[in-house]
Amino acid sequence: MFRGLARIQQTFFDAHMIAHVMPTLLRVGLPNTILLAVLASLIGMVVGLAIATGLLARPAVVRLACRVYVDILRGLPHILTIYLIGQGLPIAGLSLFGNDTYAYAALSIGLIEGAYMAEIFRAGLQSVERGQIEAARTLGMTRWQTMRDIILPQGIRRVLPPLTGQFILVIKGTALVFLLGLTSSQREIFSIAQDSAINNANLSPLTAAGILYLALTVPMTYAVNAWERRLRGERQGGRTDV
Amino acid sequence: MSDAANGVAVRFEQVTKRYGATEVLSEISLDVRRGSTTCIIGPSGSGKSTLLRCTNLLARPDEGRVLIDGVDITGPGTDVDAMRARVGMVFQHFHLFSHLDVMDNVTLALRRVRRMAREEAEARAVAQLRAVGLEGLERRRPAELSGGQQQRVAIARALAMEPAVMLFDEATSALDPELVKGILNVMRDLALSGMTMLVVTHEMRFAREVAGEVVFMDRGRIVETGAPDRLFDHPGTARLQQFLDQVL
């Protein structure tokens, strides 16, 4: 019994091992994870907003094309998409970023996130009161002007909390880019932990990575929830305690 | 003689509108004279609002034509946005842009549609807001205003575009009783100033005092039209008599 516990402790919670890998995780892994997540989210937001606008566009072809994009990228395992885009593009000769694996990693996650964020944006754009759209059109504003001046500003404001929630998922999603093979200084949290785990035949580095991920995601999750509660209160014109 | 010359601002010709199998407007023909106020009354579901919405193509007629100043706006190739910029509309529920303050609510279309510089648009907005009795509220958000104030902003927003015709779709129905009178006064002043107005309303007193012509609609048809005194004092149909008994 005691020996079993000791083995579990050694395998997952070897303090020496964790202390050994933690500096690299903090110095190299953490900035890379955050940078990747930010880059991918920026790409995701631009793509997502464009696709969301397309999902609500008048021409049926545009709507269909955007729907297909969303369905495919949300329907595939992320690991498959990352592989297809991150490895596939350079192999197919579409070396947009030369040999910079990092850029392909950000692009592939960004394109996936674009599909998820498109649905978030779409919900926000559709939540804008129909009457305000009619009022804008009645004043002679074009569909595009109405979109830019009335629907987008209100719709985007309402989806800021769910978008931030999606950013938390992106942070976790960056772990998958290890399979594109990053150079030593480009490695994010998971890659470093995995390399170390293999080299030392011990899983404690992965535990260390887990601690870092939780330190990032859990506080953000609570912050987003609080933010959402506050926005909901504002929209109902006051706070309630029930 | 053309409409533009004979003083007809809005002409409906045999306008029919269906939603699915339901015919909400059946062959409506009506002339609205320039500078006059026409009030449309009738029970709910009679097609009043739909007729109003056909005037600026928020609803598109399935058959028939709508002409504004003699120009067929239902024909192909009509610049609908340009037409709408000349037809102001005020809604039951105001529909102010909730993310913009009062000033931007009034100036947005001036800047975007009329391509006016901000200073010029704001000068016009200030004058328009003063005309509807709203001074000093330029930087408030719609949520910080009473219903009556919001409706005044909506009226100022429409008037700032200097429309040829104003449409009012039950503009006082969503207001608290004590705020109704103020809005009706604004509308009366506007009518007296010579604006062409098409007003869907349940305010029979307003219709009697301000309207040049009253139109009674029921089940998608115009049942009776005439001068307010004639319609209210000597209804020509049992249906109108019945309606007036219920509302007066």
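In this predicted model, helix α6(A) meets helix α8(A) through a set of residues that includes Ile109(A), Tyr116(A), Met117(A), Ile120(A) and Phe121(A) on the α6(A) side. Their counterparts in α8(A) include Ile151(A), Ile156(A), Val159(A), Pro162(A), Leu163(A) and Val170(A). Glycines also take part, among them Gly124(A) in α6(A) and Gly155(A) and Gly173(A) in α8(A). Sorted by class, the residues of this contact comprise 13 nonpolar, four polar and two charged. Glu113(A) of α6(A) and Arg158(A) of α8(A) belong to the contact, and both count as charged.

The geometry of the pair can be described next. Helix α6(A) spans residues 101-126, and its axis lies 8 Å from that of α8(A), at an angle of about 145 degrees. The crossing of α6(A) past α8(A) is right-handed.

Chain A contains 242 residues, of which 36% count as buried. Its C-alpha atoms fill a box of roughly 75 × 55 × 30 Å along the principal axes. Among contacts in chain A with a separation of 6 or more, 77% join residues 24 or more positions apart.

Chain A also touches chain B. This contact takes 15 residues from chain A and 18 residues from chain B. On the side of chain A, α7 (130-138) and α8 (143-173) each supply at least two residues, and α7(A) gives the most, with six residues. The side of chain A that touches chain B consists of five nonpolar, seven polar and three charged residues.

Technical notes:
Residues numbered from 1 in each chain as written. Chains lettered and ligands numbered in written order. Predicted model: local features only at pLDDT ≥ 70, side-chain atom pairs only at ≥ 80, totals over all residues. Buried ≥ 20, exposed ≤ 12 C-beta atoms within 10 Å, placed from the backbone. Contact = placed C-beta atoms within 7 Å. Helix = DSSP H or I, 4+ residues; strand = E, 2+ residues; numbered from the N terminus. Axes fitted to C-alpha atoms, helices over the stretch in contact; angles between N-to-C directions. Left-handed = near helix turned anticlockwise from the far one by under 90°.
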